[in-house]
Amino acid sequence: MTVLALTTRRYVEQVMGMPISLALRGRHTGDAAARDAWSACLADLRVTDRVFSTYRDDSHVSRLGRGEIGLDECPASVREVLDLAERARLESDGAFDVRRPGPDGTPVLDPSGVVKGWAVERASVHLRSLDDTDVCLSAGGDMVCHVATDDRPEWQIGIEDPLDPTRVLAVIPVRHGAVATSGHAHRGLHVVDARTGRPPTGVASVTVVAPDLTWADIDATAAYAQGARAAEWLRTRPGRTALVVWADGSTEVVGGS
């Protein structure tokens with residue numbers, strides 16, 4: 001996804017193994033308040049990475065997954081994320097699950113499908129506290145958007161074609177909320193239906209617009225994991241608007257226009 005609206009100031013950093021970018025419009029863009037808020041946002045994300053990264057052997061989640069520590073020895077944020085994951089598992093009929101068999105059949109704990117949206121939503125609080133300032137925070141293409149006043153335009157979020165990433169399929173105006181996409185265009189078949197352990201078929205990508213990025217990201221991943229049932233499942237999710245791109249290139253809008 002790309003921000004199509006004209007922005008006043010843009011910041012970019014690499015955190016949690018992905019590009020984090022920020023666009024600001026309004027009163028605070030390049031001043032000390034903006035820089036301090038950006039620094040606080042990045043600091044939160046770095047703490048999250050130290051706790052949750054599955055690529056760090058010393059992270060709490062890696063150690064928990066190996067059975068070296070118990071949940072009571074982890075920061076409270078780990079229980080919060082696992083509680084969200086369990087709720088997502090139940091509400092997705094098991095298609096979304098942070099616990100699944102690894103290549104050798106040994107259970108693997110990987111809460112990444114919850115952590116990214118949850119962490120960015122939490123970190124964005126520092127930016128949304130900037131007075132009279134519009135915020136568009138992107139993490140690997142998933143976005144939290146906020147427009148401070150009614151007289152300013154929405155952020156215009158471009159949704160790329162998963163079958164041709166050089167092409168924009170749709171533009172979504174967002175004033176307050178979040179946009180997340182799950183698909184195979186950039187990272188290959190990294191999402192699986194946890195019930196089968198296999199990548200979904202029939203669907204190329206799912207984009208979800210929701211009030212917060214925690215659930216926009218979870219629902220985009222869960223819907224994509226549903227494969228051919230993606231749109232059907234999304235219709236059960238209140239307060240969501242979604243764009244499903246099917247494997248043949250056709251599209252379907254759920255809950256909006």
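**A guided reading of the predicted model**

Leaving out residues up to four places away in sequence, R237 touches E91, W215 and D219, where contact denotes heavy atoms within 4.5 Å. The structure is a predicted model, in which local features need pLDDT of at least 70 and side-chain atom pairs count only at pLDDT 80 or more, while totals for chains, interfaces and linings use all residues. Residues are numbered from 1 along each chain as its sequence is written, and side-chain values use heavy atoms, with hydrogens and water left out.

R237 is placed in the loop between helix 7 (230–234) and strand 12 (241–246); helices (H or I, at least four residues) and strands (E, at least two) are DSSP runs, numbered from the N terminus. With a relative accessibility of 10%, R237 is buried; the term means under 20% relative accessible area, against over 50% for exposed and in between for partly exposed (1.4 Å probe, protein chains only). Its side chain forms a polar contact with the side chain of D219 at 3.0 Å. Such a contact is a pair of N or O atoms within 3.5 Å; within protein, one must be able to donate a hydrogen and the other to accept it, and residues adjacent in sequence count only if both atoms are side-chain atoms.

The discussion now turns to the interior. In soluble globular proteins, nonpolar side chains tend to be buried together. A nonpolar core is a set of buried Ala, Val, Leu, Ile, Met, Phe, Trp, Tyr and Cys residues joined through side-chain atoms within 4.5 Å. The largest one has 65 residues, of which I20, L45, V114, L137, V206 and L234 touch the most other members. Helix 6 (residues 213–225) supplies the largest share of this core, nine residues. Another core, of 13 residues, lies apart from it and includes W155, I157, V209 and L243. Beyond its neighbours within four places in sequence, I20 has contacts that include W38, L42, L45 and L137.

Among the residues buried in helix 1 are W38, L42 and L45. Helix 1 (residues 32–52) contains 21 residues and reaches 30 Å from its first C-alpha to its last, close to the 30 Å expected at 1.5 Å a residue, the expected span being 1.5 Å times one less than the number of residues.

Two loop residues remain. Most residues other than glycine have a negative phi. M16, in the loop between strand 2 (9–15) and strand 3 (18–26), has a positive phi near 55°. D132, in the loop between helix 5 (125–128) and strand 6 (133–139), has a positive phi of about 55° and is partly exposed, at 31% relative accessible area.
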